[in-house]
Amino acid sequence: MAGIKLSNVGIFRKKDKELYKDRVEEEDADVSDFEDEKPKKVSSRRPKETRFTQQRIGAVNLIVKPATVIPLYLILAIFSVVIGAVLFVSVTKVDEFIIYYHNCASNASLTDFQDIPSDQFSYSFHKEGSSGSNPQWKYVEPEDPSEDGSCRLRFSVPYDLEGPIYVSYLIENFYANHRRFVLSFSEDQIKGLNASYEDVHGSVGINCRPLIRNEEGKLYYPCGLIANSMFNDTFPFSLTGVNGASDFPLTNKGINWPDDKNRFKKTQYSPDDVTPPPYWKKQFPDGYNEENLPDLHEWEEFQNWMRTSTLPKFSKLIRRNDNDTLSAGTYEMEIGLHWPVDGWKDGKKAVYITNSSSIGGKNKFLPIIYLVGGGLCCIIALFILFSYVFARRKIADWNLLSWNRTNQ
């Protein structure tokens, strides 16, 4: 019986070996399937082997020496001084005069012309001995007591002023940069859109508050504080010649940047849907109609006013003449007094007449900046030269290195 058991065990072991062999062959067959596939390519984040990506580009390390710095500063000084001198000479050839008329109604005579006080005007003529005579003024009362009067100014021009001639109004101590004032307008109305109350009132940031509509619910056009406070003193379209002088024509065309016409468009409002701002009642006593509804696209005086000024003293162009020469002589101009300045402290307004140079008006700021910059460059060059001559040390001296000086 023992022999039988052994033989059975041998049989079972033989079967197990065959079964294990079959399993190994099956596994080898499965592995062979993957061995035929190509390994996947792994992407690398390493930069390409170029001079730029591996930071091997050749560099120039400039060694600053007195021999190179001093000539550089001298060249800058000469360049700045020459440019500043040319600009300064060009600016000094500009002629201008300013006449303040804000207190004309209270100080000027009602019958004859009187000399304007010396602190109420300023003349600046570039030719020697040409100061001009004292300007005069006269107040003209209105025929209707409910209307505003006018101020008649008389001034003299000592010699011919070549054009273009610019006539501007100048305002002092009017702070138009207040945040609430600057944001009080409607861009939709300026673009000529038929904006509703919700469009004007609901816009974020820029809107017409607090002047959007009147008590009857009509929208103001144009709405907002800027439009409501527009300068509305009336200026003539010519300087009237006196004592044989010819009249000098003026125009209100071309007094604003041409690009502004792309922003200001003719309105789509009907005259019955809108009403003038509160301070425009004298100009539009019966409201708007088909004939007097303002066309902002062509109204350059309004476009000028809507560009608010940063400083409390500013001037805005209102008349000009580009073609004619203002001949020497005496002239008069009558200005309608509709824009009061007594609503704020030290408010002033004036008429400002000037010509221009190749770089613009009479402003010495740019020439002075160039001259000061050139002077500073010259001083720096002389300082470096003085230090190089009297306090000179050896360049690239190893003994002056920090570790060498510490060991000493």
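Helices (H or I, at least four residues) and strands (E, at least two) are taken as DSSP runs and numbered from the N terminus. I noted that five residues lie between β8 and β9 in this hairpin, and that N243 in the turn has a positive phi of about 60 degrees.

Before going on, I recorded the terms of the model: it is predicted, so that local features need pLDDT of at least 70 and side-chain atom pairs count only at pLDDT 80 or more, while totals for chains, interfaces and linings use all residues. Residues are numbered from 1 along each chain as its sequence is written, and side-chain values use heavy atoms, with hydrogens and water left out.

**Strands and sheet**

I then followed β8 to its other partner and found three bridges to strand β12 (residues 329–336), the two running antiparallel. Within β12, T330 is the bridge partner of V242.

Next I looked up the open sheet of five strands, which has the order β3-β1-β13-β6-β11 with antiparallel pairing. Its edge strands are β3 (121–124) and β11 (314–321), each of which pairs on one side only. From one strand to the next the twist averages 20 degrees, with axes being lines fitted to C-alpha atoms (for helices over the stretch in contact) and angles running from 0 to 180 degrees between N-to-C directions.

**Helix α2**

I checked the span of helix α2 (residues 66–92), whose 27 residues reach 38 Å from the first C-alpha to the last, close to the 39 Å expected at 1.5 Å a residue; the expected span is 1.5 Å times one less than the number of residues. I listed V69, I70, A77, S80, G84, L87, S90 and V91 as the buried residues of α2, buried meaning under 20% relative accessible area, exposed over 50% and partly exposed in between, with a 1.4 Å probe and protein chains only. What covers these buried residues includes α9 (365–390).

**Cores and contacts**

Which residues have the most contacts inside the largest nonpolar core? I found L153, F155, F235, W305 and M333, in a core of 67 residues; such a core is a set of buried Ala, Val, Leu, Ile, Met, Phe, Trp, Tyr and Cys residues joined through side-chain atoms within 4.5 Å. I took F155 as one case, and its contacts (heavy atoms within 4.5 Å) include F97, I99, Y123, L239, T330 and M333, not counting residues up to four places away in sequence. Another core, of five residues, lies apart from the largest one, and among its members are I98, L170, A350 and Y352.

I also looked at N103, in the loop between β1 and α3 (104–107), which counts as buried because its relative accessibility is 16%. With residues up to four places away in sequence left out, N103 touches A108, Q120 and W137.

**Cysteines**

How many disulfides does a search of the whole structure find? I found two, a disulfide being a pair of cysteine sulfur atoms within 2.5 Å. One is formed by C104 and C151, with their sulfur atoms 2.3 Å apart, and with 90 degrees about the S-S bond this link is right-handed. The pair links distant parts of the chain, C104 in helix α3 and C151 in strand β5 (residues 150–157), 47 residues apart. Both ends are buried, C104 with a relative accessible area of 0% and C151 at 0% relative accessibility.

A disulfide also joins C208 to C223, S to S 1.8 Å, and this one is right-handed because the torsion about its S-S bond is about 50 degrees. C208 lies in the loop between α6 (197–202) and β7 (219–220), and C223 in the loop between β7 and α7 (225–228), 15 residues apart. I noted C208 as buried at 0% relative accessibility and C223 as buried at 2%.

With the bonded cysteines numbered in sequence order, I recorded the pairing as 1-2, 3-4. C377 is in no disulfide, the nearest cysteine sulfur being that of C378, 8.8 Å away. C377 counts as buried at 15% relative accessibility, whereas C378 is partly exposed, with a relative accessible area of 30%.

Definitions and conventions. Two strands pair if DSSP finds at least two bridges between them.
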